[in-house]
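This briefing walks through selected features of the structure shown below, grouped by topic. Please keep the sequence and the coordinates at hand while reading.

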Amino acid sequence: MKTLPQRIRNYFEDGQIRLFFILFGVALLARGGIFLRGFAVDDYSYGRGFSDIDRELIQTQGRFLLVALASAIDSLGVNLNDIYWSLAGVSLALQVALVISVLRFAGVVNRTGVGLAAALMVAHPYLAEILTFRMVLPGYCLAALLTIIAMEVLQNPRVGRYTRFVISIIATVAMLFIYQGFLNYLAVALVFALLHDSLSKEVAAPTARTLTAGQQRAIELLLVCIASAIGFLAIMTGLKHFNLIELTGRAKLVQFNEIPERISQFLELLLKVYWRAEPVAAQWPKLLIACMMAVSFVVILVEGIRAPGSLRRRVILLGALVALLPLTVGVILLFRDWWPVPRVLVQVSLIVGLVVLLGWSLLRERFPRIPSAFLTIPVLVLTISFIFKNNQIFADQQRLNSWDAMKVNRIVNRLEQNPAFDQVKNIFISGGKWAYPARLSTIQGDLNISALYPGYTKLPLFIEVSGYNFTPAVGEQKTQGEQVCKQATPWPSAQSVTVIGSLAIVCLGE
């Protein structure tokens with residue numbers, strides 16, 4: 001009987017196992033900061049357990065399995081954001097495994113230069129933001145695993161076709177009820193399976209009506225995605241119809257009258273992703289990537305047109321290249337909430353790496369004597385720059401957490417000096433800025449913004465830092481706090497912090 005290591009080696013080629021460990025090393029260098037205790041804005045609200053408010057919010061986004069998972073962990077008396085040490089390495093490993101699974105499904109895992117391209121994908125800073133939210137790690141790991149299963153089972157010839165479909169659909173639907181964004185990984189795998197198939201000289205179909213292996217694999221995944229999306233939307237619509245949940249914009253499709261605005265947002269985002277500088281992506285690496293992708297697109301088009309095959313393959317080639325534009329934005333393109341932060345654009349890292357990989361491998365096939373340094377040097381430079389930017393993101397989170405903690409400590413110290421502090425039970429906190437005068441370079445969306453800015457994080461921050469079990473001001477207390485802060489000079493003035501009866505009032509200003 002074969003041992004587990006033997007089974008793994010039989011399933012994955014030895015080169016792919018080596019690739020996994022190399023990429024895991026890259027991920028560890030880039031995002032090893034995940035092993036440190038850190039707080040994104042949402043982490044503070046989970047520091048006191050999984051509340052009913054958190055549960056209701058997640059349910060309105062259609063993440064029912066995430067609610068079940070979070071509730072199960074909470075039933076152990078464990079906070080979601082406090083198990084980061086156990087899941088940090090697992091999260092990095094699954095990020096790497098997802099990249100390799102996409103490469104395998106697309107059929108490019110043995111292409112020339114795959115190691116360099118995969119390192120570029122794994123190191124991309126867009127993958128960092130989601131891991132700064134320690135509370136997402138349990139759901140992130142499960143959703144990533146389900147996504148890998150959905151792709152791998154469709155490639156397993158030892159599993160019957162019907163069984164493959166059923167398992168893949170179940171895994172995909174389950175993933176959608178945790179994090180819908182992972183659907184983007186499946187879409188990338190599908191498109192590049194078609195693209196690679198259209199460029200390959202060895203997979204021509206025997207007749208015009210016969211599907212190649214790559215086309216068949218892509219169609220199977222497309223059917224899985226469609227069936228899963230229909231099932232997800234049907235369940236959400238049914239729950240909404242019976243007034244069991246109220247959907248947020250994240251779970252509602254764009255309305256017809258909103259399409260013109262969405263097209264404008266879409267074009268603007270394409271320019272931002274592939275050309276303009278961002279806090280998490282500097283200008284010169286983007287220019288270098290743009291040059292590499294432009295050359296790769298030209299090579300892919302030329303080689304695709306010159307490659308032998310039917311008109312159908314050329315149409316598929318052009319269709320796959322065009323599909324990369326909406327795929328850059330992913331599933332958020334279809335839903336009403338428009339919040340294109342890096343954590344929902346992780347598919348960009350795969351698109352960049354796969355386009356460069358296909359372009360380079362085709363160029364080497366056409367010109368075998370071209371020096372490998374033409375790919376190695378720029379990709380190594382980009383990978384190193386990405387690793388450093390990842391490091392900066394996690395370092396800035398630590399820095400921001402310290403600034404927030406020190407500011408809250410100063411405020412609480414001011415409260416403690418008030419003779420009536422012993423009577424304090426409730427606290428009213430008004431205002432708050434999202435950044436400090438010593439501006440961090442990696443603030444983007446809600447990445448590395450102060451927890452004193454969002455309304456739902458201020459109280460949890462005060463509790464986390466001070467250890468006092470403050471409760472929020474309600475009713476007349478809230479009105480009283482608003483009136484005081486309208487007249488008081490904001491922090492750090494003497495009037496900005498006061499105590500009235502059992503109510504502490506903190507006026508931070510705008």
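Predicted model: local features only at pLDDT ≥ 70, side-chain atom pairs only at ≥ 80, totals over all residues.

A residue counts as buried when its relative accessible area is under 20%. Leu-270, with a relative accessible area of 13%, is therefore buried.

- Leu-270 belongs to helix α13, which covers residues 259-274, and, leaving aside its neighbours within four places in sequence, it is in contact with Leu-325 and Thr-328.
- Between the C-alpha atoms of Leu-270 and Pro-326 the separation is 8.9 Å, although these two residues are 56 residues apart along the chain.
- Gly-214 is part of helix α12, residues 213-241, and with a relative accessible area of 7% Gly-214 is likewise buried.
- When neighbours within four places in sequence are left aside, the contacts of Gly-214 are with Ala-193 and Asp-197.
- The C-alpha atoms of Gly-214 and Ile-259 are separated by 33 Å, and the two residues lie 45 residues apart along the chain.

**The sheet: order and pairing**

- Strands β1 and β2 run parallel and are joined by two bridges, with Asn-426 having Thr-471 of β2 as its bridge partner.
- Strand β1, residues 426-430, also pairs with β4 in the parallel sense, here over five bridges, and Ile-427 stands opposite Ala-504 of β4.
- Strand β3, residues 497-500, runs antiparallel to β4 and is joined to it by four bridges; Ile-500 stands opposite Leu-503 of β4, while Val-499 has Ala-504 of β4 as its bridge partner.
- The hairpin of β3 and β4 has two residues between the strands, and in this hairpin Gly-501 takes a positive phi near 65°.

**The sheet: faces and covering helices**

- In a regular strand the side chains alternate between the two faces of the sheet.
- In β4, Leu-503, Ile-505 and Cys-507 point one way whereas Ala-504 and Val-506 point the other way, and all of these residues are buried.
- Strand β4, residues 503-507, is accordingly described as mostly covered, with five of its five residues buried.
- Strand β3 has a covered face, made up of Val-497 and Val-499, and an uncovered face, made up of Thr-498 and Ile-500.

**Helix α9 and its two partners**

- Helix α6 (residues 84-106) packs with helix α9 (residues 137-154) at an angle of about 25°, and their axes are 9 Å apart; α6 and α9 are therefore roughly parallel to each other, and their crossing is left-handed.
- Among the residues that make this contact are Leu-87, Val-90, Leu-94, Leu-98 and Phe-105 of α6, together with Tyr-140, Cys-141, Ala-144, Ile-148 and Met-151 of α9.
- The residues of the contact between α6 and α9 divide into 17 nonpolar, four polar and two charged.
- The axes of α9 and helix α10 (residues 161-176) come within 8 Å and cross at roughly 160°, which means that α9 is roughly antiparallel to α10.
- The crossing of α9 and α10 is left-handed, and the contact includes Ala-143, Leu-146, Ile-149, Ala-150 and Val-153 of α9 as well as Arg-164, Ile-167, Ala-171 and Met-175 of α10.
- How do the residues of the contact of α9 with α10 divide into nonpolar, polar and charged? They comprise 10 nonpolar, three polar and one charged.

Key
Residues numbered from 1 in each chain as written. Heavy atoms only, no water. Axes fitted to C-alpha atoms, helices over the stretch in contact; angles between N-to-C directions. Parallel < 35°, antiparallel > 145°, perpendicular 65-115°, else oblique. Left-handed = near helix turned anticlockwise from the far one by under 90°. Contact = heavy atoms within 4.5 Å. Nonpolar A, V, L, I, M, F, W, Y, C, P; charged D, E, K, R; others polar. Buried < 20%, exposed > 50% of the residue type's maximum accessible area, 1.4 Å probe, protein only. Pairing = 2+ DSSP bridges.
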